[in-house]
Structures are given as C-alpha cells and as structure tokens.
Amino acid sequence: MKRIAILGSTGSIGKSTLNIVESFPDRFSVVSMAAGNNVELAFEQARRWRPQILSMATADAASQVQDKLNKAGLGSAIETVQGSAGSVRVATHPDADFVVSAIVGVAGLEATYEAVKAGKTVGLANKECLVAAGDLITAEARRQGKPLLPIDSEHNAIHQAMRGGRRNEVQRVWLTASGGPFLHTPASEFAKITVEQALNHPTWKMGKRITIDSATLMNKGFEVIEACRLFDMPPSQVSVLVHPQSTIHSMVEFVDGSLLAQLSVTDMRLPILYALCYPDRIESDLRFPVEELRRLDFLPPDLEKFPCLRLAYQAVEAGGAKTIALNAADEVAVAAFLEGSIGFPDIPATIEAVVRETPARIPESIEEVLVVDENARLRARDRIQYVGSRV
Ligand SMILES: NC(=O)c1ccc[n+]([C@@H]2O[C@H](COP(=O)([O-])OP(=O)(O)OC[C@H]3O[C@@H](n4cnc5c(N)ncnc54)[C@H](OP(=O)(O)O)[C@@H]3O)[C@@H](O)[C@H]2O)c1
C-alpha cells in the first residue's frame, strides 16, 4: 500500500489523483491533504478520504473546514492546519511515502522542497517550483537519492522514453505543444482576446492559470525550463514542436537518430498513475484508440506571435533570478488578465519588463528565492497599475 500526501487536492490534478486512488483502493491510500480556499470541496474530500491532516491556505478557510468537520463528528480525527507551514506538515507527514505536488504556483514551493528534503518520493505537477528553484530542488533530490517523478504530461513522456536508452545517448528532447486556442489567430487580433476565449483550451481541461499559460505559450516556456532542470540538459537540447492533436506527449531523440515518442489519451490520470507506480506499470482502462488515429500534424512555434516562449528560453539561458522573475511576473499578470485589469498582449509585455529589471544572480536558498519572487511580484504589480491607469 502506497500512502500519499496530496498538495492541491481540490485542484484539477488533485482531483485526478483522488480518482486514481479511488480506482486502486488496494494500492493507494491518502495520509494528508492540502488545499487552498475551496472549503466545501476540501470538507467533502476530508469526509471521504479521512486524511490525518488537512491544511487550508488561510486561517479563515481552516476554521470553516474545522467547523464542518466538528459538526460531522470528525473534528478530533482530522487535524486542520493552515498556511504554508500547514502545507509543509502535509508534505512531510511521517506516514507519507509519496507526495503529489499540485498546488498551483510558487505557493507550493516550500512544501515541495521540504518533502524532497524529508526524503519523500515526489510526483511533480507543479512546474513553477522547478522554474523558480529547480537547481535547489534537484540538488536536494540527488542528495536524498530519491527520484523526482514528473507528472506534467510532456516530462512524464520524456521520462518514459528515456528508459529506452542511456542518458549519454540522448541527443535532444522534443516537447510537443498543442498551440493553444490562438494557434491560428492573427497577432493583430490578440488585443481583443477575452478571458472566456483564452480559457477555452482545445485539448486539455486544467486549472485557470495553466490554461492561460497554454494560450500565451508561457506554459511551454516553463516546460522548457522544467526539462532543463529535471533532465539536466542545456536549453539548446530542448526543442518545442507544435502538435495540435496532443497525441504525442513528447519525444526523445537519441544519438543514433532514433526518436522514441509516448502516445496516450489526453488524461492526466495516466501520468499520475505512472508516477505513483514507478518503476512498475499496472493495468488501467486509460486506452488510446490507435485504430482511430489518422494523422499527426507538426509545425514550428511562432516566437514572434508568442513572445513568452522566447522569454523563457532567454531566462533559462541567464538562469537564477531571471526564471524566478519570469514565473512571478507571469503569475501576477495572468491573475490581472483573469480579473480584466489588463489585455492578453499585456501578459508578455509585463513579464518582459519585470525579467529585464531583475538582476541575474543565483539564489542559494529557498528563502532567497522567495525574496526575489516577492520583488518581482511588486514590480509586476507596479507595471500593471501603470498599464491599467492608461486604459
Ligand atoms: N491540470 C493539468 O492538467 C496540469 C498538467 C500539468 C501540470 N499541471 C500543474 O499542476 C499544478 C496544479 O494545476 P491544476 O490545473 O490542478 O490547478 P488548479 O486546478 O487551479 O488547482 C490548484 C490547487 O492549488 C491549491 N492552492 C492554490 N493556492 C494555494 C495555497 N496558497 N495553499 C495551498 N493550496 C493552494 C488550490 O486550492 P483551492 O482550489 O482549494 O483554492 C487547488 O487545490 C500547476 O502547477 C500546473 O502547472 C497541471
């Protein structure tokens, strides 16, 4: 029985993880869970899964859940905690064998890092952790001798394909991108893009932040950085290919010219199951209808139309604080776009300005990462206020 801690249980990845646990009750159980502010769902999940600890993002959310648990007679069985210290307790629970890291954004960083430091095997969906502090996290995982197992479908595909050869035989990795909802929209129309249009992803159902990041291609930029850090590769060996069907999740090219690709349904339960079972595979009903496969299209990404991808390559080349700023500015800009304070083209413009103003230096601790992150957020908010005041 593998005992799981879930960071971000109320989100899209968290719910898919619980769905897997539900499907394989003899293999997996839930030890602890962390959520943000969705009190109703966190309570329902706690009632169903009976974690030993449940953490909520704020004191207010935690006390609301506590009230509900008390009324349901579960108040003494489930400890309710809060904030980032609460997420850390969830991630480092002594009974947890495996931690699913699926809090969105830098809010999940400390808990993920502490899980790695506590010697847990971590399944990583939260790519922002690696964008902001990848070198620190991977170094700690190496020290602990524990694998970091990617749940992000592209990196999960690469992880699978890499098992087809030796590490020094890998020439390059190819990350595939659906291209998002604006693949065929002329750049001249980007200023008119609405929140509703941007949230309408063609192939995946995901949380709001990653869906907007997919529309700007910043998500693919983050994935380039994630690949560099997870697989210890220079950006020149990580290429992006637009593949609108999202059937091939990514490919590894070996020195002899062989390409190994991973194909499967567009369902995050599969990479979650792979990570939870690694190095084994178990039978599932997540079948891909190969007999219905007719075509696979590919085209190069347009870095002029989608500057976020170019910004990500530049930031990872510069390293350290630049990628922290890239993520922080994106987090703030996406939130502002979702609120209607800025337009779609203001997202890359904000990020570019903040990354340019952030001095390149290598942070040596998570605390330093969080300071750089906070400064970049302040810069992003200032710029957004300025842009907003001109509208
Ligand atoms: N969804 C996908 O298919 C997918 C694929 C690849 C990678 N990822 C990555 O996986 C991560 C999660 O994505 P998602 O789509 O599942 O996002 P999501 O649906 O927005 O869920 C985010 C989760 O984080 C929780 N959360 C937010 N702020 C928090 C805080 N301060 N403390 C504790 N919990 C907090 C949310 O709680 P509440 O809802 O309770 O507020 C929710 O459980 C992201 O890093 C994303 O890039 C997702």
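Helices (H or I, at least four residues) and strands (E, at least two) are DSSP runs, numbered from the N terminus. This is a predicted model: local features need pLDDT of at least 70, side-chain atom pairs count only at pLDDT 80 or more, and totals for chains, interfaces and linings use all residues. Residues are counted from 1 along each chain as its sequence is written.

**Exercise 1. Describe the overall build of the protein chain.**

Step 1. Start with the secondary structure: the protein chain holds 15 helices and eleven strands.

Step 2. Next, take the extent. The C-alpha trace spans about 60 × 55 × 40 Å along its principal axes.

Step 3. Now test the radius of gyration (taken over C-alpha atoms; the globule rule is 2.2 Å times the number of residues to the power 0.38). A compact globule of 391 residues would have a value near 21 Å, and the protein chain has 20 Å, which agrees.

**Exercise 2. Work out how domain 1 and domain 2 meet.**

Step 1. Domain 1 covers 2-146 and domain 2 covers 155-390.

Step 2. Find the spacing: the centres of the two domains, taken over C-alpha atoms, are 23 Å apart.

Step 3. Look at the contacts (C-beta atoms, placed from the backbone, within 7 Å). Here 27 residues of domain 1 touch 25 residues of domain 2.

Step 4. Ask which helices take part on the domain 1 side. At least two residues each come from α1 (12-23), α5 (109-117) and α6 (127-144), and α6 gives the most, with ten residues.

Step 5. Sort that side by class, where Ala, Val, Leu, Ile, Met, Phe, Trp, Tyr, Cys and Pro count as nonpolar, Asp, Glu, Lys and Arg as charged, and the others, Gly among them, as polar.

**Exercise 3. Characterise the packing of α13 with α14, then of α1 with α11.**

Step 1. Axes are lines fitted to C-alpha atoms, for helices over the stretch in contact, and angles run from 0 to 180 degrees between N-to-C directions. Helix α13 (residues 321-339) packs on helix α14 (residues 346-357) at about 150°, with the axes 8 Å apart.

Step 2. Residues of this contact include L326 and F337 of α13 and I347 and V354 of α14. By class, the contact has ten nonpolar, one polar and three charged residues.

Step 3. Turn to α1 and helix α11 (residues 269-277), which pack at an angle of about 60° with axes 9 Å apart. In this pair, S16, T17, N19 and I20 of α1 meet R269, I272, L273 and L276 of α11.

**Exercise 4. Find the backbone features worth a look at P279 and L217.**

Step 1. The peptide bond from Y278 to P279 is cis, with omega near 10°. P279 sits in the loop between α11 and α12 (307-318).

Step 2. L217 has a positive phi, near 70°, and its place is the loop between α9 and α10 (218-230).

Technical notes
Contact = placed C-beta atoms within 7 Å. Domains from an automatic or database assignment.
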